[in-house]
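Trainee: Please show me the model, and then let us go through it by question and answer.

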Amino acid sequence: MQIKEKLEVFQKFALDVANTESDVLIREYRESCEKELEEFRSYKQMEMEHRLKKEENGIRREANRKVSKEVLRQKRILDNCKREWKEKLIAQAKILLEEYQNTSEYQEYLIAKIKMAKKVAEQEAVLIYINPSDADKKEELEKKTGVDLTVSNIDFGGGIRAVIRSRNILIDESFVTKLEQEETYL
């Protein structure tokens with residue numbers, strides 16, 4: 001073999017070795033790149049999922065804040081409506097009570113309440129007050145019940161109040177008290 005042939009064999013051998021090594025290096029590099037790409041994709045996927053979850057939580061918080069704000073607004077509106085309704089209802093009740101106080105049924109009501117207070121007191125002394133607006137009815141009520149009545153200095157909206165001092169009992173059948181009691185239930 002001549003040098004030229006030897007050189008060609010050596011060159012072919014060197015090229016084969018170089019190609020084999022380059023194929024191995026390229027394969028290793030490709031695998032390394034694919035592995036890095038997969039890790040990068042996995043990292044970016046996790047990052048996107050984390051960002052998405054964070055955004056989702058932010059949106060939920062904002063939605064909950066808006067819902068809470070709207071619920072509070074609706075409650076305020078409802079409370080205002082209830083308060084207005086309550087005020088109108090009480091005002092209407094006061095008007096109806098004033099109209100009722102000008103009827104004969106009211107006088108019968110007073111007589112019944114005076115007799116009830118006298119019955120509760122039994123033989124003990126009882127002080128029965130009538131409203132200042134009912135002062136004109138005092139004489140007739142006293143005649144029909146046989147009880148001395150006192151016109152109160154305090155306006156209690158109608159009805160009666162009675163005091164049995166010996167037993168520390170207050171009988172409050174005043175319309176103001178009844179309205180206040182009803183108001184607490186509204």
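Trainee: How much space lies in the largest pocket?

Mentor: This is a predicted model, in which local features need pLDDT of at least 70, side-chain atom pairs count only at pLDDT 80 or more, and totals for chains, interfaces and linings use all residues. Residues are numbered from 1 along each chain as its sequence is written, and side-chain values use heavy atoms, with hydrogens and water left out. On a 1 Å grid over the protein atoms alone, a pocket is an open set of points where a 1.4 Å probe fits, with protein on both sides within 12 Å along at least five of seven lines; a cavity is a set from which the probe cannot get out, and lining residues have an atom within 4 Å of a point. With points joined across faces, edges and corners, and volume taken as the space filled by probe spheres set on them, the largest pocket holds about 210 Å³.

Trainee: Which element supplies the largest share of the lining of that pocket?

Mentor: Helices (H or I, at least four residues) and strands (E, at least two) are DSSP runs, numbered from the N terminus. The lining includes Ile 90, Lys 94, Leu 97, Phe 175, Val 176 and Leu 179. Both α1 (3-100) and α4 (175-185) supply at least two residues each. The largest share, five residues, comes from α4.

Trainee: How many residues of the lining are charged?

Mentor: Asp, Glu, Lys and Arg count as charged; Ala, Val, Leu, Ile, Met, Phe, Trp, Tyr, Cys and Pro as nonpolar; and the others, Gly among them, as polar. Lys 94, Glu 98, Glu 180 and Glu 183 are among the lining residues. The division is five nonpolar, two polar and, for the charged class, four.

Trainee: Is Gln 101 buried or exposed?

Mentor: Gln 101, one of the lining residues, lies in the loop between α1 and α2 (104-121). Leaving out residues up to four places away in sequence, Gln 101 touches Tyr 106, Lys 137, Gly 157, Gly 158 and Phe 175 (contact means heavy atoms within 4.5 Å). Buried means under 20% relative accessible area, exposed over 50% and partly exposed in between, with a 1.4 Å probe and protein chains only. At 11% relative accessibility, Gln 101 is therefore buried.

Trainee: How many salt bridges does the structure hold, and which strand holds Arg 161?

Mentor: A salt bridge is a side-chain nitrogen of Lys or Arg within 4 Å of a carboxyl oxygen of Asp or Glu, and the structure holds 13. Asp 172 and Arg 161 form one of these, at 3.2 Å, N to O. This pair links distant parts of the chain, 11 residues apart: Asp 172 is in strand β4 (residues 169-174), and Arg 161 is in strand β3.

Trainee: In which helix do Arg 83 and Glu 87 both lie?

Mentor: The side chains of Arg 83 and Glu 87 meet in a salt bridge of 3.5 Å, N to O. Arg 83 is partly exposed at 40% relative accessibility, and Glu 87 is partly exposed at 46%. The two are four residues apart, about one turn of the helix, and both lie in α1.

Trainee: How far apart in space are His 50 and Thr 177?

Mentor: His 50 lies in helix α1 and is exposed, with a relative accessible area of 58%. His 50 and Thr 177 are 127 residues apart in sequence and, C-alpha to C-alpha, the distance in space is 64 Å.

Trainee: What is the phi of Asn 168?

Mentor: Most residues other than glycine have a negative phi. Asn 168 lies in the loop between β3 and β4 and is exposed, with a relative accessible area of 73%. Asn 168 has a positive phi, near 55°.
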